[in-house]
Amino acid sequence: MSAFRLQQLKSHILSDRKITAMSPSPSPLTTHVLNTALGVPGSNMTLRLYQQQPLTTVWHRITTGTTNGDGRCPGLITQEQFKPGVYKLHFETGQYWASMGQTSFYPYVEVRKVQP
């Protein structure tokens, strides 16, 4: 079964739909969620993008989105909005697993990125 999952992930990651370096990206910040337990994209996961305010260190929500059938959330932020600073993506993992009748150890996952 695990070999099957690995093959599913490999075929998904190396698919013909992969964005190449020459393709223009509608968003300078992208994400790709994979459900490695089932070997499929993590579709319909709610996520939020925040930017930390430099003087107050308060997080300001920029947008909320949902991953598509490919596990991606295109158009999170425009090039003009993407200024130097600290960003975080907040993934609602508990909600995602609950929608499939499963429980999750982590109710959410946050990933932070410093944009120089």
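1. Terms first. A residue is buried when its relative accessible area is under 20%, exposed when over 50%, and partly exposed in between, using a 1.4 Å probe and protein chains only. Asp 70, with a relative accessible area of 16%, is therefore buried.

2. Basis of the note. This is a predicted model, in which local features need pLDDT of at least 70 and side-chain atom pairs count only at pLDDT 80 or more, while totals for chains, interfaces and linings use all residues. Residues are numbered from 1 along each chain as its sequence is written, and side-chain values use heavy atoms, with hydrogens and water left out.

3. Layout. The chain has 2 helices and 6 strands. Both kinds of element are DSSP runs numbered from the N terminus: helices (H or I) of at least four residues, strands (E) of at least two. The order from the N terminus is α-β-β-β-β-β-α-β.

4. Burial and contacts. Of the 116 residues in the chain, 29% are buried. A contact means heavy atoms within 4.5 Å. Take contacts between residues at least 6 apart in sequence: 57% of them join residues at least 24 apart.

5. Salt bridges. The term means a side-chain nitrogen of Lys or Arg within 4 Å of a carboxyl oxygen of Asp or Glu. The whole structure holds 3 of them.

6. Glu 92 and Arg 48. Their closest N and O atoms are 2.8 Å apart. The pair links distant parts of the chain, 44 residues apart: Glu 92 lies in the loop between strand E5 (85-91) and H2, Arg 48 in strand E3 (residues 46-52). Both residues are buried.

7. Arg 72 and Asp 70. This salt bridge has its closest N and O atoms 2.8 Å apart. Arg 72 counts as partly exposed because its relative accessibility is 26%. Asp 70 is buried.

8. Lys 88 and Glu 110. Here the closest N and O atoms are 3.4 Å apart. Lys 88 sits in strand E5 and Glu 110 in strand E6 (residues 109-115), 22 residues apart. Lys 88 has 9% relative accessibility, so Lys 88 counts as buried. Glu 110 has 30%, so Glu 110 counts as partly exposed.

9. Second largest pocket. A pocket is an open set of points on a 1 Å grid over the protein atoms alone, where a 1.4 Å probe fits, with protein on both sides within 12 Å along at least five of seven lines; lining residues have an atom within 4 Å of a point. The lining includes Leu 34, Asn 35, Met 45, Phe 91 and Trp 97. Helix H2 gives the most, with 3 residues.
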